[in-house]
Amino acid sequence: MTVVRCALLLLVLCVAGCHQGMDSVAFQADGRPPRLSDWHVVEVRDGKLTLNQGVVPYDLNTPLFTDYAHKLRTIWMPKGVSAKYDPNDTFDFPVGTIISKTFYYPKGAKPGEVARTYDSSKDFAGEGLDMARVHLIETRILVRRESGWAAIPYVWNDAQTEAQLARTGAVIPLTLVASDQAREDFNYVVPDESQCSSCHAQDWVTRKIHPIGPKARHLNRDYRYADGDENELEHLMKVGYLIGAPKPADAPRNANWMDPHAPLDARARAYLDINCGHCHNPKGAANTTALTLDVSVAEDRHIGLCKPPVAAGRGTGDHMFDIVPGKPDDSILAYRMASKDPGEMMPEIGRSTVHQEGVSLIRAWIAAQPGECVAIH
Amino acid sequence: MRKWTLTVAVAAALAACGGNQPSGTADSASEDFQAKLQQQLLDAKPGSVIDIPAGHYHLNRGLSLRTDGITIRGAGMDKTVLSFKGQVVGPEGLLVNANDFTIENLALEDTKGDALKINQGKNITIRGVRVEWTGGPQTTNGAYGLYPVKTQNVLIENSTVIGASDAGIYVGQSNNIVVRNNRAEQNVAGIEIENSVNADVYGNTATKNTGGILVFNMPNLSQAGHSTRVYKNTVLDNNTDNFAAKGAAVASVPRGSGVVINSNDKVEIFDNDIGDHKTANVIISSYFSTNYYNTRGVAADYNPYPKGIYVYDNRFKSGGDAPDGMKLKVLKTAVYGMNGRFPDVLWDGYVDSKTLVNGLPPDSDRICIQGANGVLNADGPNDYKNPTTDTKAYQCTLPKLPPVALDPAPKA
């Protein structure tokens with residue numbers, strides 16, 4: 001009788017409180033826990049990177065390029081609180097929110113080799129990741145505390161069982177192997193904690209950091225949840241993590257940069273927005289350059305058309321203007337994207353390889369720009 | 001010799017074990033040092049002093065600091081050396097986004113990009129810092145040596161910058177600036193003050209650069225610069241070939257330029273020793289002469305004219321005998337003959353015609369020059385067709401600018 005009671009009690013506790021044996025998600029009000037698993041957001045269990053109860057995955061219409069890494073993004077909030085919708089900026093998240101982003105690759109044939117592919121359909125086991133198929137690199141935690149957001153980086157161990165706190169980042173040599181067996185050796189660089197601000201402090205005066213992805217225009221898309229496809233904004237509303245969002249049709253939406261049916265301009269602007277806009281915005285680190293690349297900028301000199309560079313140094317690649325309409329080969333923007341020299345390349349951090357397909361997109365967009373730069377003497 | 005053998009042996013061993021992995025993995029002592037320094041930069045609290053003992057350290061990643069009130073201090077610019085040769089991620093050696101920052105007595109070498117960039121901050125002191133690209137002038141060197149931008153109350157003193165592929169000391173979009181007693185050598189621009197307000201540049205030595213000291217205004221930026229005093233400097237023999245990448249702001253600086261003013265206002269050049277510049281000891285020019293001006297890419301409210309320029313009481317030595325570029329060579333020969341030379345001051349001749357009264361700019365906007373052996377108005381607007389040498393238009397004075405007072409005064 002007692003045994004049955006206990007079993008029942010356990011079952012009730014489990015349904016209410018745990019997820020495949022995981023402790024509840026643990027908001028850490030301060031400090032930097034030494035292990036990722038201290039947060040109980042995502043953990044490796046039974047051959048899967050498992051999302052805990054209440055941890056909701058999401059994706060972006062167009063993501064930041066990070067050396068062809070795949071990314072699993074999640075969000076969690078304590079009971080009874082919600083983020084407030086904003087049409088333009090990052091949602092106003094309540095204290096206690098934990099966002100995670102796991103960078104991983106489909107496995108290659110040998111240790112140290114990872115696959116270069118956009119196909120993520122084989123990565124998943126349910127909403128988690130299938131550890132037989134993927135190699136985890138790092139998981140970054142963004143946590144909303146009383147004092148504001150904090151960014152805490154973790155790097156996965158060789159055994160792929162745990163990610164350890166890595167405040168000073170890491171340099172991990174890897175080899176990308178494409179489907180045609182083309183190989184590229186590169187250093188995957190995990191940024192140090194201070195470098196998190198390079199992108200996440202989008203206002204260089206306040207230096208406050210914020211998540212970049214959870215904005216309406218990035219999340220306004222479908223996701224394949226465990227119980228079916230659903231728009232992410234609607235899903236977040238449904239689970240109580242978001243309030244105030246309009247219908248998806250009435251919310252802004254960035255294009256998917258790879259969508260062949262989307263207009264070229266929309267794809268290029270979405271790409272520049274997420275890859276460049278965190279610095280190249282009116283308040284960002286790159287507002288010293290007079291080049292603005294976020295989604296709201298007008299397509300004139302502000303986005304670089306015929307604009308002379310300011311402090312590009314040798315990043316000009318011997319070119320005179322950021323964008324020469326119709327001439328990607330003469331445009332600094334395309335040159336810096338196609339470079340992987342740390343003294344020339346853009347973005348400055350976050351990649352060690354060239355995003356060939358991204359460069360092609362921006363070159364095509366520049367090639368389609370009308371008019372020319374007419375000199376005044 | 002023993003050291004070299006050891007290095008080769010270690011490299012061979014690494015190559016044997018590591019296979020084809022990309023370069024950039026530092027030895028373990030350097031790894032430890034780098035990790036410790038990164039940790040110190042992360043843990044620093046306002047008031048912290050990070051002391052770096054004497055030593056030659058290799059770093060393969062750029063450093064960054066975002067906490068106010070930090071001092072980074074070495075044991076001397078030739079004793080504490082942070083070498084970024086083989087840097088895999090940067091672009092800077094050190095990026096600072098903080099107020100009340102002091103860095104002193106150390107060296108930063110061979111960074112891929114800028115050596116020290118301070119982006120947004122007030123009360124900045126850079127003292128006794130050496131920045132050097134050790135391979136000499138090369139286009140592949142980093143762009144800027146000491147680079148405060150969008151800063152206020154800035155002191156750069158007793159520092160040395162060698163080999164920058166743009167400007168050695170470059171203060172951009174800043175206010176209240178003192179640059180004194182530094183040495184800038186073998187850079188494209190030795191010292192450059194750009195889009196900045198209230199700058200005193202004195203006691204510096206700029207030599208063997210392409211251009212010695214520059215005071216520029218670029219278009220489209222957060223503020224237009226004005227009120228810079230350049231005085232008591234030694235600006236000699238800046239005749240290094242321009243090795244900047246095309247498109248860089250300084251790529252338009254002719255080899256052999258002493259002090260160059262471009263599109264900036266209220267600039268006072270006095271009591272300097274300036275000489276031996278093959279193009280000219282002083283160049284006063286407009287953005288029109290840079291080839292960047294175009295209809296779409298430059299803000300309509302940009303002022304491309306140098307206004308209120310006052311050059312007086314300098315000690316000039318010879319120069320102007322072998323100007324850079326075909327246009328200037330032809331101009332020199334046309335006006336002064338094969339064996340002649342440009343006078344001390346070369347002006348491209350662009351004036352803001354909207355503001356002229358009886359053919360002259362308003363008093364406060366004039367170019368006033370005393371104590372030079374001549375001025376050539378190159379007639380840039382007409383492609384150098386009618387250059388003039390009459391100096392009457394420059395015989396005037398301007399109100400002297402007040403000294404810059406750093407407030408608060410930097411800690412000694």
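## Paired strands in chain A

In S6(A), Leu72(A) has Thr102(A) as its bridge partner. Strands pair if DSSP finds at least two bridges between them. Helices (H or I, at least four residues) and strands (E, at least two) are DSSP runs, numbered from the N terminus.

S6(A) also pairs with strand S10 (residues 134-145) of chain A, in the antiparallel sense, over nine bridges. Here Ser100(A) has Ile141(A) as its bridge partner in S10(A).

## About the model

This is a predicted model: local features need pLDDT of at least 70, side-chain atom pairs count only at pLDDT 80 or more, and totals for chains, interfaces and linings use all residues. Residues are numbered from 1 along each chain as its sequence is written, while chains are lettered from A and ligands numbered from 1 in the order in which they are written.

## Two domains of chain A

Chain A is divided into domain 1 (17-250) and domain 2 (264-367). These bounds come from an automatic or database domain assignment. The contact between them takes 26 residues from domain 1 of chain A and 18 residues from domain 2 of chain A. Two residues are in contact if their C-beta atoms, placed from the backbone, lie within 7 Å.

On the domain 1 side, strand S14 (183-190), helix H2 (193-200) and helix H3 (216-219) of chain A each supply at least two residues. S14(A) gives the largest share, five residues.

## The largest core

The largest nonpolar core has 203 residues, and Leu116(B) and Ile169(B) have the most contacts inside it. Such a core is a set of buried Ala, Val, Leu, Ile, Met, Phe, Trp, Tyr and Cys residues joined through C-beta atoms within 7 Å. Both domains of chain A give residues to this core, so it lies between them.

## Backbone details

Met346(A) and Pro347(A) are joined by a cis peptide bond, with omega about -10°. Pro347(A) lies in the loop between helix H6 (332-337) and helix H7 (356-367) of chain A.

In chain B, Asp100(B) has a positive phi, near 50°, though it is not glycine. Asp100(B) is partly exposed, with 19 other C-beta atoms within 10 Å. Asp110(B) has a positive phi too, near 55°. Asp110(B) is buried, with 21 other C-beta atoms within 10 Å. A residue is buried if 20 or more other C-beta atoms, placed from the backbone, lie within 10 Å of its own, exposed if 12 or fewer, and partly exposed in between.
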